[in-house]
Amino acid sequence: MYRKQIRRRRATLVLLVVACLVLISSHFSESESGPLHTAQNGVGSALAPLQEAASRALKPARDLVNWVDETFDARGENEQLRAEVQELRADLTKAEEELSEGTERGEIAAIAETGTLAGYEFVDARVTGRSASTWDQVMTIDKGRSAGVAVNDPVITGDGLVGRVSSVSGGSARVALLTDQTTEVTAKVLGGGPVGIVGAEVGDPDDLVLELIRGDDEVKPGAELITAGIEDPDLTSLFPVGIPIGEAEQSTTGEQELRQQIHITPYADMSNIQFVSVLTGGGS
Amino acid sequence: MIFTLRIRLTVAAIVFVSVLLQLSFFSQMPLLGSVANLVPVVIVALGLLGGPLPGVIAAFFAGLLLDSALGTTLGVSSLALMSAGYLAGRWREGYDIVSSLVPPLLTGLLTAVSAAAYAAMQLMLGVDAPVSLLVLREIVVQGLLGVLLAIPVFPLIRRLLRPALVDDPLARRARASRTVLGVTS
């Protein structure tokens, strides 16, 4: 009797492990429209209303915990912020001087003239779910195809770019954050600086990496980065030019790397996003 | 554990609610540079109370639900959670829960094992970006938060599944402590 139980248990265990391995390999090898992806999207769509309801119901509790956490953080950051205020005062004076000389003004005016976000519609959405792992920086939102959201639409907050829509269903969508390994965006340093590709550093939600592809100018700490878009008229850029991304922290050049890598702190707080805007319409 | 239809439905509901809470609540509250992960805590509790098979089956379906909701590679979360569920069940078979500290500590350890297994699988499947050493912080922090979460979660799940438990070691010890020289006080 006991041996039979053991055999049954082993068989079930082996069956489930094999099922997992088959799922992983099938999921990798099939296309986005394959049966596994379709079934996965179906389950995701069915869960979406429940996630939304749970997210709304639990918001007060979440806000309370976040408030406590932020209060502790704020105490620790007080000294740091005082020092930063002094630095920023100095920067402000410098920036005002530069503005009067028309250097920055030209760049900002150029962004405005390109009508960066003019053709886009803003669809406001609530974050209803999120991955617990830094390996998958993915979240779900409560707006989908019915609201005009499409795959690869840029997603922003008031602070700047946070990611792109990775998949969409009728009433919900999944967003791959900038800190997800699958998301990359062409960026340029504000003020005529070099252009590069910003990608994630897995495990660190406060760090992005800019790899330069054009221009060898040194990127100084504090330099601001915005989306570069694509200047070729035959190509459509996923991200319109001019969306703020983050601020350069430090640059490194490893022994095996030919070009410098610049570490970027994103403007948006990637670990605590409650609401987002999806830029729909593709600028058309 | 005696698996009647009612108990099966209860276990399914526990797994479903834990996944929903994880997605909508715990994952959206950053703590100590990571987030608390309720799902492995629940899986370990089911493994400790029901044995390896219930632990592994619950882990498989919880992982499928998580991967389906987030659009991540199907099967990865299931495998990572199954490691925690199986080990918790094996612990139950080999050792008694001699102290109320054992479930939280074991849960913390197995939550960290589950996070490490997930990280290992991601590395094996290939990563298209540089990897920070902070992924180690996530494993440690999720383990520590798992200890804290297990303090209310384990007794709650034991209470929900009490009708099905053949032998609850903590309840047996409590009964024994109330008995003096064979006379129940």
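**Entry 1: the elements.** Before counting anything, I noted that helices are DSSP runs of H or I with at least four residues, that strands are runs of E with at least two, and that both are numbered from the N terminus. I also noted that this is a predicted model. With that in hand, I looked up chain B and found 7 helices and 2 strands. Read from the N terminus on, the order of the elements in chain B is α-α-α-α-α-α-α-β-β.

Entry 2: In chain A, buried residues account for 36% of 284 residues. I also looked at contacts between residues at least 6 apart in sequence, and in chain B 76% of these join residues at least 24 apart. In chain A, the corresponding share of such contacts is 57%.

**Entry 3: α2(B) against α3(B).** At what angle do the axes of α2(B) and α3(B) cross? I found that helix α2 of chain B, residues 38-50, crosses α3(B) at roughly 160°, and that the two axes come within 7 Å. Angles over 145 degrees count as roughly antiparallel, so α2(B) is roughly antiparallel to α3(B). The crossing of this pair is right-handed. From α2(B), the residues that take part are B:V39, B:I43, B:L46, B:G47 and B:G50, and they meet residues of α3(B) that include B:P52, B:A58, B:A62 and B:L66. Sorted by class, the residues of this contact are 9 nonpolar and 3 polar, with no charged ones.

**Entry 4: α2(B) against α5(B).** Next I followed α2(B) to α5(B), where the axes lie 9 Å apart and the packing angle is about 125°. That angle makes α2(B) oblique to α5(B). Here, too, I recorded a right-handed crossing, this time of α2(B) and α5(B). The residues of α2(B) in this contact are B:P40, B:V41, B:V44 and B:L48, and among those they meet in α5(B) are B:P103, B:L106 and B:L110. The contact of α2(B) with α5(B) divides into 7 nonpolar and 3 polar residues, with no charged residue.

**Entry 5: the core.** Which residues touch the most other members of the largest nonpolar core? In this core of 113 residues, I found that they are A:V162, B:V42, B:I43, B:A45 and B:A62. The largest share of the core comes from α3(B), with 12 residues. I then looked up B:V42 by itself and, leaving aside its neighbours within four places in sequence, found it in contact with B:I14, B:V15, B:S18, B:V153 and B:I157.

**Entry 6: where the chains touch.** Last, I looked at the contact between the chains, which takes 51 residues from chain A and 42 residues from chain B. On the chain B side, α1 (5-24), α3 (52-70), α4 (76-94), α5 (102-125) and α6 (134-160) each supply at least two residues. Among the elements, α3(B) gives the most to this side, with 7 residues. By class, the side of chain B that touches chain A holds 27 nonpolar, 13 polar and 2 charged residues.

Technical notes: Residues numbered from 1 in each chain as written. Chains lettered and ligands numbered in written order. Predicted model: local features only at pLDDT ≥ 70, side-chain atom pairs only at ≥ 80, totals over all residues. Contact = placed C-beta atoms within 7 Å. Nonpolar A, V, L, I, M, F, W, Y, C, P; charged D, E, K, R; others polar. Axes fitted to C-alpha atoms, helices over the stretch in contact; angles between N-to-C directions. Parallel < 35°, antiparallel > 145°, perpendicular 65-115°, else oblique. Left-handed = near helix turned anticlockwise from the far one by under 90°. Core = buried A, V, L, I, M, F, W, Y, C linked by C-beta atoms within 7 Å. Buried ≥ 20, exposed ≤ 12 C-beta atoms within 10 Å, placed from the backbone.
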